[in-house]
Amino acid sequence: METTAALTTPAPAAATASEGGARPPKKKQAVLEVISKTRLTPRLLRVTLGGEMYSELNRNHQADAYVKLLIADPSTGLQPPYYLDALRENTPELLPVRRTYTVRHWDDDARTLDLDFVLHGHGEDSGVAARWADEALPGDRIALMGAGGGYTPEVDAASHLLIGDHASVPAIAASLEVMDAQATGLVLLHLDHEDDALELARPDGIELRWVIGEREQLLQAVAALDLTALDGLQVFCHAERGLTKQLRRVLVKDAGVPREQISISAYWALGRLEDQFQAEKREPIGKIDE
Ligand SMILES: Cc1cc2nc3c(=O)[nH]c(=O)nc-3n(C[C@H](O)[C@H](O)[C@H](O)COP(=O)(O)OP(=O)(O)OC[C@H]3O[C@@H](n4cnc5c(N)ncnc54)[C@H](O)[C@@H]3O)c2cc1C
């Protein structure tokens, strides 16, 4: 692993920030600094963030806790925290984009957290957040909101099934770490590239299978499981939207797993910026449940 050493850059005064109006942000923003970067695999990059404002985050203890990052286009000159309401009213074209990332580790003592970014695409095909992470330097500042989250492995689940793709590796890795040592089950994780597979600490009774290649192979791997006899199965299933919809059908309709035993949602959608993907959650195309 290659780690970039920390720099200690003093944070600029907070409110050079906000241009676009005088009202302070309504939702709390924690402005944190990049402490270090660690390359976990060719396309998975850990960014450790920290600073005095760590305690402004609404600490969420679920295993899949996630934060929203606010990323302004550097050409706007805006600095965090952002006065979002004023920007929305006066200069909506300057609004920072929002991107969602799992908190892979919280360290309340050091007041740092780790986010693991999939470096998807190249150049213009990449995303704002993936590019931000790739180019970030120790001392760079970023605004975070949250955290949300809703899944933690249950101690009394008879068995666990965790299904995901590259974007949900951090949430699944964090979940495996908090599982009961006696837990049993299976993890099925899709990756485009074999060299992005990494060792995930987990209980002895949890099998980890990487599914490499076409996305649909993940669907086939799940369809091939016999889940009918598994009373008390707890499922975590989060991946690309089209695939997640198909996985829901296999799990609920075909295998008969009770819906309430499944944590399921899309983490991203092919051909959609996250802004559009989130907005579409209110439309039929964005719904995972039929
Ligand atoms: C609760 C939650 C937790 C998440 N946790 C993580 C996490 O820990 N790590 C992580 O990397 N992602 C995570 N994601 C997914 C992440 O939010 C999206 O991938 C997001 O779109 C990335 O933003 P971007 O600016 O890089 O790309 P965008 O600007 O949103 O998208 C640009 C283009 O890239 C494509 N794209 C987006 N993501 C991917 C991808 N993963 N693989 C291939 N193509 C992609 C889009 O379809 C679009 O065409 C999470 C999502 C949710 C909802």
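**Helix α2**

I began with helix α2, residues 128-135, and found that Ala 129, Trp 132 and Ala 133 are buried there (a residue is buried if 20 or more other C-beta atoms, placed from the backbone, lie within 10 Å of its own, exposed if 12 or fewer, and partly exposed in between). These three cover an arc of only 95° around the axis, which puts them on the same side of α2; the arc is that of the directions from the helix axis to the C-beta atoms. I then looked up what the buried residues of α2 pack against, and noted β3 (44-50), β4 (66-71), β5 (97-102) and β7 (112-118). Helices here are DSSP runs of H or I with at least four residues, strands are runs of E with at least two, and both are numbered from the N terminus.

I remind myself that this is a predicted model, in which local features need pLDDT of at least 70 and side-chain atom pairs count only at pLDDT 80 or more, while totals for chains, interfaces and linings use all residues. Residues are numbered from 1 along each chain as its sequence is written.

**The whole chain**

I noted 6 helices and 13 strands in the protein chain, and buried residues make up 35% of its 290 residues. A compact globule with 290 residues would have a radius of gyration near 19 Å, and the 20 Å of the protein chain agrees with this (the radius is taken over C-alpha atoms, and the globule rule is 2.2 Å times the number of residues to the power 0.38).

**Two domains**

The chain is divided into domain 1 (2-148) and domain 2 (159-286), with bounds that come from an automatic or database domain assignment. I found 15 residues of domain 1 in contact with 15 residues of domain 2, where contact means that the C-beta atoms, placed from the backbone, lie within 7 Å. On the side of domain 1 that touches domain 2, the largest share, 5 residues, comes from β5.

**Around the ligand**

Which residues come nearest to the ligand? Of the 25 around it, I wrote down Thr 102, Val 118, His 120, Gly 127 and Ala 129; a residue counts as near if its C-beta atom, placed from the backbone, lies within 6 Å. The elements that give two or more residues to this shell are β5, β7, α2 and β13 (262-268), and the largest share, 4 residues, comes from β5. I also noted that the shell draws at least three residues from each of domain 1 and domain 2.

Key
Two residues are in contact if their C-beta atoms, placed from the backbone, lie within 7 Å.
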